[in-house]
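Please read it alongside the sequence and the model.

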Amino acid sequence: MTTRNVIVGVLALAVGAGAAFAQEKRIAFKDGPGLQTFQANCGTCHSLDYAILNSPFLDRAGWDASVKKMINAFGAPISADDAKVITDYLAENYGKPS
Amino acid sequence: MATRRRVLQLGAAGAVAAAGIAWWRGAAAKDVIAPGFADLPAGAMATGELETIPGKVPLIKRTWRPPNYETPIEYFAEEFTPNRAFFVRYHLANIPEVSAASWSLNVGGPSAASPFTLSLDQLKRDFPAAEVAAVCQCSGNRRGLFQPHVTGVEWGVAAMGNARWKGARLKDVLAKAGMKPDAVEIVLDGADGPVMPATPDFVKSIPVWKAIDENTLIAYEMNGEPLPHWNGFPARIVVPGWTGTYWMKHVTSIQAVPKAYDGFWMKSAYRIPKGRFPVIDRFLTQETDANTPITEMVVNSLIVGISAGQKIPMGQPLTVKGVAWDGGSGISRVDVSTDGGRDWTEATLGPDRGRYSFRSFSLTVTPPARGALTVMSRASNRAGAAQTFELIHNPAGYHHNVVQRIAVEVV
């Protein structure tokens, strides 16, 4: 994005974002260890329905690869400890049934 | 289809998922899935609800942020997809509302002798307008139907649409910039960007030969109206025949470069294994030993207006109709079967709106006996390619053009 070429409709964006975030709260995630870590980290860049959308067909290695892709390819600032907590939460609650 | 057989195969966990599917089908069934394909992941079905975003009719929500919304299938009863029903696809969630008055387009790069900046008025006034009917289809359309499933936005069949695009030819704009002979790619950037600075901005490139094709446009109109915000207002790149990834929305920068652009969205994303698909166009500056960027769409068709399990009264005619499209060779024929693929009959094609457009097809049959029927359509193009019966599986979930099979019953 070259910001100098663009005027942002600040008000419209703010209202739009508010509406989007309100919709996102409708998801009831499975409760379990790591839920808050998952929400706080992953929800910064994208809505959390991405995780449900991609379920339940990933095993632990699959979720591990997805979380690592977010860090390594997309630059998500997630610590190694948090990454493990998130992977565990997703594998446990949205993983491939074993 | 969540057939009894498949539910049994899935076992206990599958039964839980199937209960969720049953609930979801009760809520929005016919609008949210195309019959005749493998199921989307259970999670995708649970979250795939009809929702309205500003300026659009209710669309099938895949993800909220960034927004990814799919067109309900009934809109493909027409050859052109209404702007308000056109699908929405973004990679990154920082999406500004761009104003027509302040928008400008920067044209230049190391392989341009005379860089310049254009306003929207200048783009419309200084270059002859061209119009092309063309399908815009996400590379990952039908990804959700892959078996085994692959990660990504789990699209059903309708991350696509057909429109009349009007704008300036990209080649005319590049000519004004004095493109040098050493240019090999044209790099495209739009106003949308990442939330985190470390996330790679969505930037794409196309080979010069495709950029200077007379059908490649900087479009400012779609079906006779300004582009909707969600489809790239005020201007987007239109690359007829090629998948939507190259159709840069809210385009703000067009740069001619002398070597292959190596950003994440070119080097690592939108790649297909080499030699496995019947595609013609090659993007040589981006090819590696293992893979190559996706280029033109593979030949495909979609049946509209028949639902799985539909009961057809004996003696009543059944019209099998829908749309067919490909990557620009043009549709040559669509064959229809109602007996699961044993016998095929050539359908009547609708008007030819150009080789990049949806082509409608229709065939009316009166089933001769009661019982189960399997309805299928198979499109072929003028390059001699036809839809496949078996999925060509690939890690990113591209180019799904498997023949649809809809089970109905004559009663």
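How far apart do the C-alpha centres of domain 1 of chain B and domain 2 of chain B lie? They lie 30 Å apart. This is a predicted model, in which local features need pLDDT of at least 70 and side-chain atom pairs count only at pLDDT 80 or more, while totals for chains, interfaces and linings use all residues. Residues are numbered from 1 along each chain as its sequence is written, with chains lettered from A and ligands numbered from 1 in the order in which they are written.

**Domains of chain B**
- Chain B comprises domain 1 (104–293) and domain 2 (300–410), with bounds from an automatic or database domain assignment.
- Contact (C-beta atoms, placed from the backbone, within 7 Å) joins 26 residues of domain 1 of chain B to 21 residues of domain 2 of chain B.
- On the domain 1 side of chain B, strand 7 (129–137) and strand 15 (271–273) each supply at least two residues; strand 7 of chain B gives the most, with 4 residues. Strands (E, at least two residues) and helices (H or I, at least four) are DSSP runs, numbered from the N terminus.

**Chain A against chain B**
- In this interface, 33 residues of chain A are in contact with 38 residues of chain B.
- Helix 1 (10–24) and helix 3 (49–53) of chain A each supply at least two residues to the chain A side, and the largest share, 5 residues, comes from helix 1 of chain A.

**Helices within chain A**
- Residues meeting across helix 2 and helix 5 of chain A include A:F38 and A:N41 in helix 2, and A:I86 and A:Y89 in helix 5.

Conventions: Two residues are in contact if their C-beta atoms, placed from the backbone, lie within 7 Å.
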